[in-house]
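Work through the following exercises with the sequence and the model side by side.

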Amino acid sequence: MKKNRLCIIAALVLALVMCLGGCGGGDSESEAPAFSMADDVQKYVEAVDMEYAYDLTETLAYDEEYWDNELGWRTAGSDAEHRCADFLVSEMEKIGLTEVEKVGVTVDKFQFNDSSLTIANTKIDLMPASYQCSGTDADGITAEIVNCGQGLEANYEGKDVTGKIVLVRVDQSNIAWIDSYIRMAHEKGAAAVVSYSTSGYGELNKDTINVQDVCCDDLLPTVAISANQASKIKKAIKNGNNQATLMVDTVLEERGGTSYNVVGKIKGKSSDQQIMIAGHYDKYWYGFQDDSAAIALDFAVAKAMIDSGYTPENDIVVVAHGSEEWGVSNSQFDWTTGAWEMISEAHPEWAGKTLAMLNCELPAIESETLQAAAVPEFRALIAKLVNDTGLVTTAEGVTFEAETTDATNMEDGVSYRWHGVPYFVNGFEGTSFMSERYHTADDDRDTWSEAVMQTNINFYGAFAIYVDKTPALELDMTSTCDDLEANLAPKIAKKAGVDVDAYNAELDKMREAAEGLNAQIAGVNEAYEEAVANDDSEEITRLREQGKLLNQKSLAAFKEVQNQYLKADDVGVYIGHPTLNDNVRTLRGTISALEEKALWTDDEDGACDLIGNLNAYHDWAYYFFSKKVGDDINAQYDANKVSSDLTYWATGKLVPVTYVGDTTYMLYHTESEDDVDFEAAIAAYQSALEEVYADINAYCQQEVAGMQTIAEMMK
């Protein structure tokens, strides 16, 4: 009877798959093996309330009660964020979550209330968007506004901007983040920055205004306008109307703000372990996708679980994080602050008991193909879930890829990962949305795709239920080994004096231990499925307890992987030391080019073509900006120069910075090759290369020691 019942469940799931468009990663007409949680997933999918998901998104995006200004903003520790936290508490209670609470965490408060920019003797009267900087007094700044082109060092030549307002065109994707432009203007003595974008972000049209996080100290009032608005100002300047008044009403309180993370639970049969479903509710403009729809997804998942009558084995914890977009001044790592404070200070005990964090960002953007971004150790689990279980269903016209991309640091998951919590997030980068609508007023209701939202809700629920019902978490540490192997670069390592054979031998031992742990996990889970099929309650209980013990081992090993191997920069998170290998390649290529006295070449392999790639491309600042700006940028990635309370989730994760700014700046700004002392330049870069080799040697020794520790933990 039990086997027949499971076959009926499998058939029902298969029918649902075909109705909604099929399995994301396989043939929708092929019959997947039955899993014990199939009935729970089916009931969950049937209980999903898409009208609720849309209505909650609409409320979070457009209800003016939860705005700080007429542009729709809700930022770190602001009054609107506080009002929204209270609303989320009531909404959690309304859908049936229990133990609902607001957890206050310390952040730098930023609240943008109002602004205006007028040009005397013209009709120009704008409301710019403010960056996370102090504003002006009530009367504003009245001064000459100067068009400084792209805002690069060369654009200031021959211009006195002391005490003046500068108008600059920024490209925050291809040239530099906003902090570089602010630093440059501050160095030149400007009183304020008015920025606009034509490429990189905000590309939808010339009326689009884009902002990002500021990533530097509170130097100058800085605002953003559209390209069309900038054109009008440039025309006014050309006609002799260059007297501007900029008023910016903001509140910036460094370490003086409180942001609330709102938490609710579906209580499990045991609270020894938990699964988190999370998103953030601070936003720019309407933030329909980023991140109102994500909060709606989290709540819709919880609501469907409750409405379907699902009783989890473990606590399901729903978290709406504050202060994700920004939360601290004077840091290159100023985002995901609310989440960092949550796991670091408010609930450190969550590390070690959280089986998975299901984070969510921008979940309803039109797309035919969806893909999760995950820690490497979840690659195999997600592939299995999509390809083999029959539990993941997709809406018509949407497929879900089984292969994941690697999680970056662009959302709250990185704060939890650092503490040993494995996670995934829906893939949202690489879409036209990012270049056109991200952090603009065009992140609006017109972007809604019900099919994509439905598919993501289905996937999140299926993942959560599968992990909840499966005794032993399928956390595959062989993927860690794969990444260490891929990022070793044996030829470079040998040149650095590393015993590559010994390194690989220890890596093999770690892989063997990981495979052994995988075998134990698979054995427990297979036995559990058999016990459920046989309705053997005593065996089910025993296997769940055995699974908990394995989970403690797996999560401890995972945390140690993050301690030993996780590295970060302003773009990526990775295992091992690939940026040091890249520095070697960059320096070698630069030295070879200098030996040929080639600075710029058509093949882009000259010294100046290459050297900007140093330090994860940060050294291009020496080309675009002043030497001081370049030095300041690198210093914010140098663990020896930045206090740990300003690095947050990058604390202890930054690779050494290689300083050759004097030589690089000289090469970029030389008038003629005849003016270059090539021997001195080669010597500078050769010395830097030897330093990087020494760093690689030290890292490899640490990595080997880590392999031994982690292998022992997995036995």
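A cavity is a set of points, on a 1 Å grid over the protein atoms alone, where a 1.4 Å probe fits but cannot get out, and lining residues have an atom within 4 Å of a point. Grid points are joined across faces, edges and corners, and a volume is the space filled by probe spheres set on the points. This is a predicted model, in which local features need pLDDT of at least 70 and side-chain atom pairs count only at pLDDT 80 or more, whereas totals for chains, interfaces and linings use all residues. Residues are numbered from 1 along each chain as its sequence is written, and side-chain values use heavy atoms, with hydrogens and water left out.

**Exercise 1.** Find how many cavities of 30 Å³ or more the structure holds, and describe the lining of the largest cavity.

Solution. The count is 3 cavities, and the largest has a volume of about 110 Å³. Its lining comprises 13 residues, of which Asn615, Ala616, His618, Tyr637 and Val655 are the closest to its centre. By class, this lining divides into 7 nonpolar, 5 polar and 1 charged, where Ala, Val, Leu, Ile, Met, Phe, Trp, Tyr, Cys and Pro count as nonpolar, Asp, Glu, Lys and Arg as charged, and the others, Gly among them, as polar.

**Exercise 2.** Determine whether helix α5 (residues 178–187) is enclosed or open, and name elements that cover its buried residues.

Solution. Helices are DSSP runs of H or I with at least four residues, strands are runs of E with at least two, and both are numbered from the N terminus. Buried means under 20% relative accessible area, exposed over 50%, and partly exposed in between (1.4 Å probe, protein chains only). In α5, 8 of the 10 residues are buried, so the helix is largely enclosed by the rest of the structure. The cover over these buried residues includes β5 (165–170), β6 (192–197), β7 (222–225) and α20 (627–635).

Note on methods
1 Å grid on protein atoms, 1.4 Å probe; cavity = no way out; pocket = protein on both sides within 12 Å on 5 of 7 lines; lining within 4 Å. Contact = heavy atoms within 4.5 Å.
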